[in-house]
Amino acid sequence: MRDLNALLRALRTRRGRRIDRDQADMIAAAHPPGDDHRCLAALLEAARAPGTPEELAGEKEMVAAFTAHRKRAARSVRRQRTARIRAALVPATIGLALLILTGTAVAARTGNLPQEAQQHAHRLFSALGVPAPGTGTPDPSPSTRPGPRPSLDVTALTWCEAWGGAPNRSLSRDDRRRLAAAAGGEEDIAKYCRDLHAAASKSPSAPPSSPSSPSPSPTGSPSPSTSPSSSAPSPIPSPTSSPTPSFTLEDDQPRHGS
Amino acid sequence: MPEEELAAALRAAQDGDAAGFATLWRGLHPNVLRYLRVLAGEHAEDAASETWLHVIRDLHRFSGDLGSFRGWLFRIARHRGIDEKRRSSRTRETAEPPTAAAPDAEAEAAEGASTAWAVSVIAGLPVDQAEAVMLRVVAGLDVATTADILGKRPGAVRIATMRGLRRLAAHPQISTRQGV
């Protein structure tokens, strides 16, 4: 085996022109292949010679293609940019408009707009099916309207009962003033209370009036627990009533009598 | 053409400069065309045009130095050359076999070692050796890039180059010119 290799190597050296791999790499790296391969060197030199005029004939066309492509690319970039801006701007505008519209609609629905704007909004949104708030334009259902009233009626009724002289109740100065204000004057309290009682007994949804409706009688039926303390100006202070309310009661009472 | 000048031209072309592109084309097109003559024969011109149009189209996506640009350019050239050859063989079945133009070569040889003659001699090699010689020796690509383009291992590229050079050295037309 070794002899065979030696023989081959000897043959190669004798021939002298055989190119090995390293030499091929050197030739490829533009090193002249040496005197043994002068003609090969000439061939390779010719193969990598500078371009001939014939080869370079197409320069103008290719540069024109380059310029045209650049122009086209620039134009399409510009078009893409405008398209991108438009794609971003349109939904943003629509979103903003929707936001403003719904915000105004909600504000109008809840009645949070200034008076004039509120009326404008109702005119605008009633066309779109948004109902007006309870305080606004005519509302077909009356049930929402007297919302705050019953509680006032109930308070006024208790005031009336106290005022009417139920012996077990006492009307404080403040409450009396309020009752007078609600009735429209001291003189009208009696009429106001009468009307109130009449209205309360008519309406089924006035719970506090039903047990006290028979109480307009000036003396009333004394309840067992409070009768001793009120009927007699007691020397023994009862635990339920303090002296002051009894004074006010006496203070007020004569004027009613007169 | 000096490498620095070509590298500057590449950068200018990437920035859209037509003069830079012209310089780049003048520096590299001849070797592309010669490689394609070996690969695609008479369709080399069409394949070279296709190659450069592809480069123009995708240059904005290319990033790298002149060395990697050469590799990219010759990879495109190889694909276009193979495409052209396949298309022509499909459309013209009766076309003459793509042998190296032997009579031309002899005529050229008489005139001297012109470029066309040299290329036609290399084109007469077996395809893998011819491609290896063209890419390594003429285009000046390194072993790794050539192996990448040809889809071979670097060792196989070195052997193919060596065998191709040996064959060229033993070529009768060269041997006869040996004594001149």
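This section describes the fold of chain B and its interface with chain A in a predicted model.

Chain B contains 10 helices and zero strands, and its elements run α-α-α-α-α-α-α-α-α-α from the N terminus on. Of the 180 residues in chain B, 48% are buried. Among the contacts in chain B with a sequence separation of 6 or more, 62% are accounted for by residues 24 or more positions apart.

Helix α8 of chain B, spanning residues 143-150, has B:V143, B:T146, B:A147, B:I149 and B:L150 as buried residues. Viewed down the axis of α8(B), these buried residues fall within an arc of 165 degrees, so they line one face of the helix. The cover over the buried residues of α8(B) includes α4, α7 and α9 of chain B. After α8(B) comes B:G151, which has a positive phi, near 70 degrees.

Two further positions in chain B were examined individually. B:R80 belongs to helix α4 (residues 66-91) of chain B. With a relative accessible area of 19%, B:R80 is classed as buried, because the class takes in values under 20%. When neighbours within four places in sequence are left aside, the residues in contact with B:R80 are B:A47, B:E50, B:T51 and B:H54.

B:D128 is located in helix α7 of chain B. Its relative accessible area is 35%, and B:D128 is therefore partly exposed. Leaving aside neighbours within four places in sequence, B:D128 is in contact with B:K152 and B:A160. The C-alpha atoms of B:D128 and B:A156 are separated by 9.8 Å, and the two residues lie 28 residues apart along the chain.

The interface between the chains involves 45 residues of chain B in contact with 35 residues of chain A. The area buried between chain B and chain A is about 3500 Å². Carbon and sulfur atoms give 66% of this area. On the side of chain B, the residues losing the most area to chain A are B:W25, B:R158 and B:R166, which together give 17% of what that side buries.

Two salt bridges are found across the interface of chain B and chain A. A salt bridge joins the side chains of A:E59 and B:R26, with an N to O distance of 2.6 Å. Polar contacts between chain B and chain A number eight residue pairs, with both residues of each pair at pLDDT 80 or more.

Several helices of chain B take part in the surface that touches chain A. At least two residues each are supplied by α1 (3-14), α2 (18-40), α3 (44-58), α6 (115-123), α7 (127-138), α9 (154-169) and α10 (172-178) of chain B. The largest share, 10 residues, comes from α2(B). By residue class, the side of chain B that touches chain A divides into 26 nonpolar, 10 polar and nine charged residues.

In chain A, helix α3 covers residues 38-47. Seven of the 10 residues of this helix are buried, so α3(A) is largely enclosed by the rest of the structure. The buried residues of α3(A) are A:C39, A:L40, A:A41, A:L43, A:L44, A:A46 and A:A47.

Methods: Residues are numbered from 1 along each chain as its sequence is written. Chains are lettered from A and ligands numbered from 1 in the order in which they are written. Side-chain values use heavy atoms; hydrogens and water are left out. Contact means heavy atoms within 4.5 Å. Buried area is the accessible area (1.4 Å probe) that two parts lose on being put together, summed over both. A salt bridge is a side-chain nitrogen of Lys or Arg within 4 Å of a carboxyl oxygen of Asp or Glu. A polar contact is a pair of N or O atoms within 3.5 Å; within protein, one must be able to donate a hydrogen and the other to accept it, and residues adjacent in sequence count only if both atoms are side-chain atoms. Helices (H or I, at least four residues) and strands (E, at least two) are DSSP runs, numbered from the N terminus. Ala, Val, Leu, Ile, Met, Phe, Trp, Tyr, Cys and Pro count as nonpolar, Asp, Glu, Lys and Arg as charged, and the others, Gly among them, as polar. Buried means under 20% relative accessible area, exposed over 50%, partly exposed in between (1.4 Å probe, protein chains only). The arc is that of the directions from the helix axis to the C-beta atoms.
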